[in-house]
Amino acid sequence: MARVIRERAISPTSLRDVFDLAEALLDPSALALALSGLTRRALAALATAAESDAGATPAELAARLNRSADDVLHDLDAAMDALLCDRTATHIIVWPAVAAELAAWPARGLPSADALRTDAAPPTLTAVDDVDRRFLDRGAAERAFTTTTAVTEVVLALGETPGRLLARGGLSLPDAKRLAAAAGCSLDDVPTLTDLAALAGLIDDDAGSTRSTELGDAWRRRTLAERWSTLADAWRSALPTELVSLLAERADSRWGSGLADFVQWLYPAGGEPLLARLTRRGLQADRLGIAVDGRPSSFGRALVVSDASAAAGVLTPLVPAEVSQVYVQHDLTIVSPGPLAGAIDERLRRVAEVESAGLAGRYRITAESVTRAIAMGETAADLTEFLASISLTGVPQPLSYLIAETARRYGAVRVGTLTHDDAAEFAARTSVRSDDPQLIEAILVDAATAPLALRRVAPNRAVSRFDPAVVLWTLIDARYPAAADEGTVTPERPGRPRSRPAPVVVDDSVAAAVARIRSGSTVGIDGDSAWVARQWELALRGKLSLRATVQLPDGSQRSFDLEPTGIAAGRVRGRDKAADIERTLPVASITALEPLE
């Protein structure tokens with residue numbers, strides 16, 4: 001219900017019950033929006049069924065459309081899903097309002113039912129592209145590498161700190177800038193990258209924020225070719241089947257302007273929104289290296305002719321191989337001579353800050369990053385052993401000293417959850433303590449910890465109303481040797497600032513409308529009685545007279561010409577136009593209603 005309300009752009013504030021929803025779904029503007037998303041084959045089947053008031057059988061439609069009955073039913077699946085028609089045991093029934101909308105199409109410059117059935121697709125063939133495929137593939141592979149790496153950084157950044165969504169849609173400007181910095185791209189590229197990630201299910205919207213999904217967390221650990229394959233498969237799946245078939249037929253030709261003509265023929269009511277989506281998909285194809293300036297690459301060709309797995313096999317030898325060894329330098333930086341394997345990169349991010357990602361990644365180890373790694377469960381011995389196992393240059397003495405000294409100081413500040421009694425006494429949630437009172441004093445006067453609103457309650461103890469995890473990671477980011485008391489929950493992943501913004505509470509008017517519809521006035525009575533009650537309300541509102549046929553106790557029926565005056569508690573009231581008296585009738589006893597001339 002929520003899906004169709006959003007897809008038809010129906011105002012949720014106008015919906016009180018299922019009848020309001022039914023009227024809104026049959027509004028011409030809502031119908032035009034639903035029809036714009038149907039392919040020509042589906043529209044032809046729908047328009048043909050609409051030509052008969054009583055509907056048509058699948059066999060009758062198959063004969064007129066020169067298709068099999070199964071194909072016709074398959075073509076109509078989208079129309080049924082959009083609530084434009086229904087299927088009985090024998091017939092396809094198209095709502096009269098839908099039939100009227102389709103009948104009005106020729107006057108608006110849109111194809112008639114006959115044109116939907118007979119008009120052929122525009123010619124789209126072009127000469128075979130004689131571009132040097134090897135040169136094209138090198139450039140395409142570079143784009144595939146860059147875009148996949150950028151999407152990976154976006155998913156990582158949103159995993160650390162969700163991006164706040166604006167009420168009008170899209171990310172807030174500060175979050176968009178943060179993602180652009182993480183991905184090393186321009187601000188204008190962020191929507192393209194996030195759209196690709198959302199198509200692949202790597203990020204999702206939740207409670208007013210965009211954050212990475214479990215699939216995204218697993219995806220970023222795969223090889224680059226596998227990650228690209230996921231993005232390319234999502235891109236291919238977002239295209240109409242007919243368009244993918246056309247691209248496969250033109251796999252050795254340049255994908256030019258003829259594609260737009262074909263898509264407009266395929267979706268005759270798509271209009272400008274359709275062209276905008278086509279442009280966005282074309283931009284994504286360019287970024288993924290599927291086609292460069294309209295010329296399909298070798299792996300782009302494999303994608304449309306076969307599948308994403310075959311395309312990834314073609315791409316693999318064209319991109320740099322992943323490495324598992326790095327250069328650890330005396331200035332505490334780590335340089336990767338190539339794209340680092342996902343598992344190693346993930347663990348390295350636990351102990352180091354990422355300065356640049358891509359073909360030659362650069363990381364820097366700091367006291368704060370080591371503290372963060374220890375807080376996540378690492379030990380000094382574990383960190384030293386890990387770095388030694390991946391280093392081509394050993395572990396320099398300054399780095400060994402930094403790790404050992406940071407581990408020694410770790411835990412000088414302890415963060416924990418207050419007991420129930422202490423929480424009530426101090427009106428707080430979190431305790432911060434240290435054996436060194438001067439360290440507590442330094443924390444209290446530090447501007448970096450001011451947002452925690454810490455209050456001193458003892459010489460070696462302060463409290464905060466914020467969650468322990470937020471307090472812990474704020475202290476770590478402020479370079480204090482903070483550790484969690486036993487039982488304190490820590491954030492799941494390391495990285496940049498750990499404090500997450502509070503979710504933005506979004507007033508979901510659609511959800512509220514669905515709740516109203518579910519608990520509407522017709523709940524608890526059968527469908528026929530609900531319909532009678534609805535018609536009576538409409539007649540009352542429009543001051544229309546009705547002829548009501550009533551089932552009497554003896555089984556006979558009698559008709560009354562009434563002018564509705566009210567409805568309540570399962571009964572309707574109306575002035576009898578013949579007897580000039582007001583009658584009260586049970587809704588359940590009314591078997592038919594019809595308007596008077």
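**Entry 1: a charged cluster**

I started with a group of charged side chains: Asp217, Arg220, Arg221 and Glu346 are linked in a network of salt bridges. My cut-off for a salt bridge is a side-chain nitrogen of Lys or Arg within 4 Å of a carboxyl oxygen of Asp or Glu. Counted that way, I get 33 salt bridges.

**Entry 2: what I am looking at**

This is a predicted model, so I kept to pLDDT of at least 70 for local features and 80 or more for side-chain atom pairs, while totals for chains, interfaces and linings use all residues. Residues are numbered from 1 along each chain as its sequence is written, and side-chain values use heavy atoms, with hydrogens and water left out.

I looked up pLDDT, the predictor's confidence in each residue, from 0 to 100. The chain has a mean pLDDT of 84, with 92% of its residues at 70 or more. Where does pLDDT stay under 50? I found residues 491-507, with 41 contacts beyond four places in sequence, and residues 521-525, with five such contacts. A contact here is heavy atoms within 4.5 Å. Where pLDDT is low, the predicted coordinates should not be read in detail.

I began with Arg349 and Glu153, whose side chains meet in a salt bridge at 2.5 Å, N to O. That pair links distant parts of the chain, 196 residues apart: Arg349 is in helix H19 (residues 342-351) and Glu153 in helix H9 (residues 133-160). Helices (H or I, at least four residues) and strands (E, at least two) are DSSP runs, numbered from the N terminus. Are Arg349 and Glu153 buried or exposed? Both are buried. I take buried as under 20% relative accessible area, exposed as over 50%, and partly exposed as in between (1.4 Å probe, protein chains only).

Next I checked Glu378 and Arg350, which form a salt bridge with their closest N and O atoms 3.4 Å apart. Glu378 sits in the loop between helix H20 (367-375) and helix H21 (380-390) while Arg350 is in helix H19, so this bridge ties together parts 28 residues apart in sequence. Glu378 is buried at a relative accessible area of 10%; Arg350 is partly exposed at 22%.

Then I looked at Arg456 and Glu441, another salt bridge, at 2.5 Å, N to O. Arg456 belongs to strand E14 (residues 455-458) and Glu441 to helix H24 (residues 437-445), so the pair ties together parts 15 residues apart in sequence. Arg456 is partly exposed, with a relative accessible area of 33%, and Glu441 is partly exposed too, at 38%.

I traced an open sheet of five strands in the order E14-E15-E13-E12-E16, with mixed pairing. E14 and strand E16 (482-484) are at the edges with a single partner strand each, so one side of each has no neighbour in the sheet. The twist averages 30 degrees from one strand to the next. For pairing I need at least two bridges found by DSSP between two strands. Strand E12 (residues 413-417) pairs with E16 in the parallel sense over three bridges, and the bridge partner of Val413 in E16 is Ala482.

What lies across E12? I found helix H25 (residues 468-477), which also lies across strand E13 (430-433), strand E15 (461-464) and E16, and runs at about 165 degrees to E12. Axes are lines fitted to C-alpha atoms, for helices over the stretch in contact, and angles run from 0 to 180 degrees between N-to-C directions. H25 is mostly covered, with eight of its ten residues buried; among them are Val471, Leu472, Trp473 and Ile476. The buried residues of H25 pack against H20, E12, E13, H24, E15 and E16.

E4 pairs with strand E5 (residues 209-212) in the antiparallel sense over four bridges. Asp204 stands opposite Arg211 in E5.

**Entry 3: two crossing helices**

Last, I checked helix H4 (residues 40-50) against helix H6 (residues 69-81): their axes come within 8 Å and cross at roughly 95 degrees. That makes H4 roughly perpendicular to H6, a label I use for 65 to 115 degrees. Arg41, Ala42, Ala45 and Leu46 of H4 make the contact with Asp71, Val72, Asp75, Leu76 and Ala79 of H6.

Definitions and conventions. Angles under 35 degrees count as roughly parallel, over 145 as roughly antiparallel, 65 to 115 as roughly perpendicular and the rest as oblique.
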